[in-house]
Amino acid sequence: MKARLGRRTAAVLLAGVVCALAAGPPAAAEQGPRPGGLVMVLDSSGSMADEAGGGRTRIEAARDAVGTVVDSLPDGYPTGLRVYGADRTSGCTDTRLARPVEPLDRAAMKEAVAGVEPKGDTPIGLSLRKAVADLPEPEPGAVGRRTVLLISDGEDNCGSPPPCEAAEELAESGLDLRIDAIGFQVKGKAREELTCIAEAGHGAYYDAPDAEALARQLQRAAELSAGGYQFEGEAIEGAASAEQAPPVEPGQYLDSIGPGETRWYAAGLDASSTADFGVTAVPQPGVPVGYSDGLQLRVHTSGEFPTVCDNTRATFHQDEGALPVSGAVSRVPTAKANATCDQAGTYHLEVERVSAKGSDQARWPLELRMAVEEPLPAGTVPAQSAAEFGEISKDQVPRVDGPARAVTGGTGFNDAVRIGEGVWKDGLLPAQTRWYKVKVGWGQQLRYTVDFGNEPTVDHDDLVVRRSFVSTSLHAPSRAPVGTGTEFSAYKGYFGKPSVLDHGTVPVTWTNRWEPAAHVKPVRSAGDYYLAVSLGPDTATFAENPAVGVVLRVEVAGTELAGPQKDAPAATDTTDDAPAAGAGAEKAPAKDTAGAEEAGWASPWVLAAAGGALALLVVAAAALVVRRRAGRGAGGPTRGGTA
């Protein structure tokens, strides 16, 4: 494949390689403080002295697993350790905080778990209550993820309080609280009880039949907690009716919504501006949801007989487990400016949560974003709408090559990591979504593929076929999802075998706002387009490595134009400010590289600035200078008519 990079880009790459040779691998980006925290609750009862296999006891395997986890968590992430059954040979009050929940001190955590010796009983219910109290209360207005992570090799033998009842009661104490459970070599009633605890606690149950599985599942659960969606916004409380709706202005807001609930908000709009309302709900990852669960969004006029100006349904499209779900509605004035929704006045945003019987019943955090776009200056004639994919159709893979650059995607819209045209590599945990953003200018198109690795799978004694899914979604600057049309595949089943998803846009054109098709209408503004890539929760039942390697191939096709007007000249400033290799990286997940390496790429967490990879970069950069693709961009993208 020919690289779509010019001499300037190649020169920058060469310069970057020279700097890397002198300075060494680039450092990971520093992370700001994150709300939330994690407390691990470790079973230290007498049965943990039993053999775990491989000549080790269960407690020894647990110590090693906790050590692996603390090495992989982000620097400074609040982490603590509670143990039970460690101090007395019997007694149902034997639980203590071995390490307080405070900014991560890896050496201190390892020392604390090294001193734990199995002795006594299994007071799980009491330990859960104590563990929730160990977690710091969130600051006013902050939304994070507080996680209790229970590791047990058996069921509660104390009975007071009953563990499932305690978990259900505790989960109601805050929408940010999650209780996960890992069953270490458990069967029958013990597995049922631990599964019940996780479900009642709006968390996930992880089965660990051996020491290797314990380390893998513990790492997944802990890192998923630390990588929770980073919210931004002003606290607001939506009303139960349009008449009581609180006012919103351009900006971001934080609310929450329960099953079957509807929240209302009010916005004053003029007669000519476009108003976008993006709404994102963030359930606890992996909790039970139905295929059609999600959000119903509408924007109305006010008055006795309101008119619906726009509506959409944002759903999970799968029933395996929850991931973030996002949608957007807009008030877009018509071309003739003579419709009911073209008038100035108060408009209402209606957000309804749709929830099937048996789905997660916890309240979900909501992030609302309102943005207003002024009309074009008087006398401006916009370019014709562009409803065809043209040169980036499904038969054309992104025309980029070169070594993959390591990157760690963000947790949501607010910290999405900027990437540009090229090849990028990352890794996803089960039930995780990574977010990226790409600058796309007027007249340009975005095209990308996501390659999931050939992931080694775990052998099971039963004959059950284990499968999950992989998915991607693309969002316009308004946060509205961009449809795939008939061109692309944004969702596939996943068994651990290589799988490829693809997505893209029509050319960015101002008049696309008046097109009806879901793959055209949102592509009406130049700016950052958001790529979300997800891995299904059930991948945890068969994937051998904690995370699955992914490679993104990103192309931005066409010449960037100076504006939305007809016959606009080429833009003079087309700087690509994508990060260097390794930028945006957090503390890397450990020991999860085999899947990526089998698929033919290096570990997602090995920076390309080391050793022989640097030499490859030099060669690739030099080649780009002489292999610049001729003719691309001179004529701009193919333009179409209406959908």
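What follows is a set of entries on sheets, single residues and backbone angles.

**Ground rules**

This is a predicted model, so I kept to its limits: local features need pLDDT of at least 70, side-chain atom pairs count only at pLDDT 80 or more, and totals for chains, interfaces and linings use all residues. Residues are numbered from 1 along each chain as its sequence is written, and side-chain values use heavy atoms, with hydrogens and water left out.

**Entry 1**

I began with the strands, and I noted how they are named: helices (H or I, at least four residues) and strands (E, at least two) are DSSP runs, numbered from the N terminus. Two strands pair if DSSP finds at least two bridges between them.

In what order do the six strands of the open sheet lie? I read it off as β5-β4-β1-β6-β7-β8, with mixed pairing. At the edges I found β5 (95–103) and β8 (205–208), each of which pairs on one side only. Neighbouring strands here are turned by 15 degrees against each other on average, ignoring direction. For angles like this, axes are lines fitted to C-alpha atoms (for helices over the stretch in contact), and the angles run from 0 to 180 degrees between N-to-C directions.

Strand β4 (residues 78–84) and β5 run antiparallel and are joined by six bridges. Y84 has T95 in β5 as its bridge partner.

Then I looked for helices on this sheet. Helix α4 (residues 124–134) lies across β1 (36–43), β4, β5, β6 and β7, at about 155 degrees to β4. Helix α7 (residues 211–226) packs on the sheet too, touching β1, β6, β7 and β8, and its direction makes about 165 degrees with that of β6. Contact means heavy atoms within 4.5 Å.

**Entry 1: the four-stranded sheet**

I found another open sheet, with four strands in the order β11-β16-β13-β14 and antiparallel pairing. Its edge strands are β11 (262–269) and β14 (308–315), each pairing on one side only.

β11 pairs with strand β16 (residues 345–354) in the antiparallel sense over eight bridges. One of the pairs I looked up is T262 with E352 in β16.

With strand β26 (residues 527–535), β23 pairs antiparallel over six bridges. In β26, S534 is the bridge partner of S471.

**Entry 2: T433**

S534 turned up again when I clicked on T433: the two side chains make a polar contact at 2.7 Å. That term means a pair of N or O atoms within 3.5 Å; within protein, one must be able to donate a hydrogen and the other to accept it, and residues adjacent in sequence count only if both atoms are side-chain atoms.

T433 sits in strand β21 (residues 433–440). Is T433 buried or exposed? It is buried, with a relative accessible area of 12%. Leaving aside neighbours within four places in sequence, T433 is in contact with several residues, among them L323, P324 and G410. I also noted that T433 and Y229 are 204 residues apart in sequence and 9.1 Å apart in space, C-alpha to C-alpha.

**Entry 3: N414**

Y229 came back here, as one of the residues that N414 touches, not counting those up to four places away in sequence. N414 is in the loop between β18 (405–406) and β19 (417–418). Its side chain reaches the backbone oxygen of Q230 at 2.9 Å. The N414 side chain also makes a polar contact with the side chain of Q252 (3.2 Å).

Which residues does the cis peptide bond join? I found S160 and P161, with omega about -5 degrees. P161 is in the loop between β6 (145–152) and α5 (163–171).

Q185 is not a glycine, yet its phi is positive, near 55 degrees. At 23% relative accessibility, Q185 counts as partly exposed. D567, also not a glycine, has a positive phi near 60 degrees, and at 70% D567 counts as exposed.

Methods. Buried means under 20% relative accessible area, exposed over 50%, partly exposed in between (1.4 Å probe, protein chains only).
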